[in-house]
Structures are given as C-alpha cells and as structure tokens.
Amino acid sequence: MTRSSLRHLPIATRLRVSALVLVLVVLPVAGSILAWNFREAVNSAFEQRLESLLNVVLASVRYDPETDTLVSNRQLGDARFEQVFSGWYWQVRSEGSYAITSRSLWDQRLPVTKTRGMDVRTIAGPRDESLRLVERDVTLPNLDARLHITVAADLSEVHTEVARFWGLLVASLVILGLLLVGLTALQIRWGLEPLRRLERSLDAVKQGRLSALDTDLPAELARLSKAINTVLKRDQTLIERGRSAAGNLAHAMKTPVSVLMTTTEQLPEPQRSDMQVELQRLDEAVRHHLARASAAGPVTLGAEQDVDKVLVPVITGIEQLSRRRGLAFSHDVKPGIRAWIEPQDLQELAGNLLENATQWARTRFWMQVRFNTNGLEFSIDDDGPGMSEQQRSQALERGGRLDQTRPGSGLGLAIVRELVDLYGGELALSESPLGGLKVTVTLPNDGQ
C-alpha cells in the first residue's frame, strides 16, 4: 500500500486499524510482563518452600555421642522424600564421615559446594531431571565438624504451573482482545454516526430532496453544516443573479442591434456592407459570451434530470425546423435515462448540435442519447458532405468551426465545446454511417 493510498483511507478504517494495532501490541506486552512476574513469584515461593524444608531437616538432625553418629527423624510431612528417585531429596553431610540422606536418594548423592550462608542453584538430578537446590552449612552442639544440609526438588512442578498459567493467560488475552476489538468497532460506529447522517444529508441535497443540510448534529458538525448551507445559499444566489443578468443583457442588446441593422439599410452600399459585417460580429460575440455566462456547469448539489423530458422542447423545435427545410429527423431517446446536468445546459448542448445538423444534412439526420459506462452519450448523424480527417482535427481545435465553408463564426460549436469542458466531457468527430458527419459528446455522470 502506497503512501498516497494510506492518505485516502476512510476514517473508520483508520480507527479500526489503529485499535487493532494497539491491541496486538499492548496485550502481548502486558501478557509477557504478567507471565514474567508470575514465573518469578512461583520460583520465589518454591525456593521459600525448600528453605522451610531445609529448616525442618536441620531441626530433625542431632548428634548422638554414644554411638558417634548423626540421627534424623526422616518424616518431613511429604511422602515423596520416601519414594526412590521421586525428585524430592534431602541430604546431610559433614566434613568427616557422617552422612545421612532421604530414602528417595537411595545410593546417589547430591553435589556439595563450600558455602557459609544460604545458597540456591539449579542442578541435574540422579535421573538428569532439573532440580532446584537449597543448601547451607550449620554446626551442632557436641559436634566439632560442620554439617552441610541440602534440600532439592524437581522443577517440573514449577514448569507445569507456569505452563498452565500461560495457557490461561493466552486464552484470557485472546478473549479480552476480541472484546476490545468488538467494543472499539461499536464505539467507532457510534462515534461516526453523525458523519454518516451528514453524508446522507449531502446525498439528499445533491438529489434535490432537500434544499439545505441537516443541522441537527453534534456541535462541531452542526457548525460545519451551517457553514456549508451558507456557502450553498450564496452560490445559488450568485448563479441566479448571473443568469438573470445574462438574460437581461441579452434582451437589452437585442433591440439596439436590430435597430442598427435596420438603419444600415439606408446607408450607401460600401458603408452598408461594412457596417452589417461588424454588427453581425458584434451580435455573434454577444450571443457567445451570454451563452457562456448562462451555462451553469456540472451540478454539484442539485436534482438529477430526466433526459427525455428535458429534451422535449428541443426535439419539438427541431422537428418543426426540419419539416420547413424538407428534412427527415428521427431520434432515439429512451425514457428513464437520468443525468446530473442543468436542464438549460442540456437543452443548449442538444439544440446547438441539432441546429448544425439541419444546416448540413441533405435529406435526413438523427440523434441518439444513451447511457453507458463512460456516462451520458449524445450522437448526431447526418447525410451531408461530411469532413475529412484533417478538417475534423482543425474543427476540434480552439476557435475551430464545423461549418468552415459557410458564413458564420462557429458559435454553435463554441458553445458546445464550452459546455463539454465545463462538465469534463469529450467531444469527438467521425464519419457517420449515413455518409456525413457524426458528432459524439460524452459527459461523465457521477454526480460530482
């Protein structure tokens, strides 16, 4: 996973991953610490038990001067000292020949080290078992020789207890980890619920079911929602004001230009021709920039449109125009196609493409509107003279025209190109199956 993809991870995924990492790191560390402390506690308790048994052995040993021997009561309260090679042993040795052992040692002896105080260590027993050994030197009344007392016990008991604890600990930590992950997931779900509500509110506004975002949210998100509502209201006001100004300007310019065109009829021929050319250029430039100003562009927050219903007035007008010119016009606009596009932009786009087709078609032209994986696709075919590949490339360049051989400024294509660019779509020219030109416009339809 790249750094860029990590930056785009959803918030819920980030929180779940961080919680999982925390559980996978903290619980094993905590378990290791608990296991280490438990092992140390068990070893300490085991050694203290051996020290207690050593004191019991010391209390049971006495010197008999009459027989010049050491005497011991071997009953230490643990039957394992009486079982041969049971793993539990004690031994008393002197610097001389005195020596007594537990029955469990049989004919074996425990190794002796010279020590004055208490010594604790681990050794190998008679059967190579691991023994924990406690030993010390003592003196008895009426006996000059020092005695070395040793008690040893098999560590398998400690290992078994530690292993049992480890099993219980691992099971407990696994259950605790699962509980923590589950509770964290519930916490994340509950904590992010306001964001999901805000997302649903955005979808409702985008689809036109609401006019503003819901503000019944936690304080932080409520402030954000109010700020977005303020921006939406301001943008809507600006769009409506701009369209209204564009419409007013169009009406204000139409009459003066018409009057000037009529007035030029009274001028001498050289002046009349020059004036009409300039007025025509002025009229087309005004129409062009007014069309750009009135285009809203892609709908970020608005209603989804039924394409067939929006195109009804355009199709009706083109049918009347084609009948007057003796052209056959057909269309394939299936019901149910919906698109995120302003109705005025959709009508402007289709109208300009169809008007251009009426100028070039010899006998017929047709329009198809469909929805595919790339988005909303318009295609207009005519049986006119068509264009060469070089002409098509030139027409697609900025400032190019579809009607290079006829008078005009290519206003229709310019408006179409502006709208296509606004919506991030594509404009393509190709050879039509009817023999003329095929114009294809594809607009993404993701609602963004």
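Student: Which residues do ring pairs link into a cluster?
Tutor: In this predicted model, the cluster linked by ring pairs consists of F46, F81 and W88.

Student: And how many aromatic pairs does the structure hold?
Tutor: There are four aromatic pairs in the structure. In one of them, the ring centres of F46 and W88 are 5.9 Å apart and the planes stand at 75 degrees, so this pair is edge-to-face.

Student: Where do F46 and W88 lie?
Tutor: F46 belongs to helix α2 (residues 11-60) and W88 to strand β3 (residues 88-94), so the pair ties together parts that are 42 residues apart in sequence.

Student: Are F46 and W88 buried or exposed?
Tutor: Both F46 and W88 are buried.

Student: What about F329 and F365, how are their rings arranged?
Tutor: Their ring centres are 4.8 Å apart and the planes are at 25 degrees, so F329 and F365 form a stacked pair. This pair links distant parts of the chain, with F329 in strand β9 (residues 328-333) and F365 in strand β11 (residues 364-372), 36 residues apart.

Student: Why does F329 count as buried?
Tutor: The cut-off for buried is under 20% relative accessible area. F329 counts as buried because its relative accessibility is 14%. F365 is buried too, with a relative accessible area of 1%.

Student: Now charges. What sits over the ring of W88?
Tutor: The charged end of R80 sits there, 4.0 Å from the centre of the W88 ring.

Student: Changing topic: in which sense do β5 and β6 pair?
Tutor: Strand β5 (residues 119-124) and strand β6 (residues 130-138) pair in the antiparallel sense, over six bridges. A124 stands opposite S130 in β6.

Student: How many residues are between the strands in that hairpin of β5 and β6?
Tutor: The hairpin has five residues between its strands, and D128 takes a positive phi near 60 degrees.

Student: Last topic, helix α8. How many residues has it, and what does it reach from its first C-alpha to its last?
Tutor: Helix α8 (residues 343-360) has 18 residues and reaches 26 Å between those two atoms, close to the 26 Å expected at 1.5 Å a residue.

Student: Which residues of α8 are buried?
Tutor: The buried residues of α8 include L346, L349, A350, L353, L354, A357 and W360. D345, N352, N356 and T358 are also among them.

Notes. Residues are numbered from 1 along each chain as its sequence is written. This is a predicted model: local features need pLDDT of at least 70, side-chain atom pairs count only at pLDDT 80 or more; totals for chains, interfaces and linings use all residues. Side-chain values use heavy atoms; hydrogens and water are left out. Two strands pair if DSSP finds at least two bridges between them. Helices (H or I, at least four residues) and strands (E, at least two) are DSSP runs, numbered from the N terminus. Rings of Phe, Tyr and Trp (its six-membered ring) pair if their centres lie within 6.5 Å; planes under 30 degrees apart count as stacked, over 60 as edge-to-face and the rest as tilted. Buried means under 20% relative accessible area, exposed over 50%, partly exposed in between (1.4 Å probe, protein chains only). A charge sits over a ring if NZ of Lys or CZ of Arg is within 6 Å of the ring centre and within 35 degrees of the ring normal. The expected span of a helix is 1.5 Å times one less than its number of residues.
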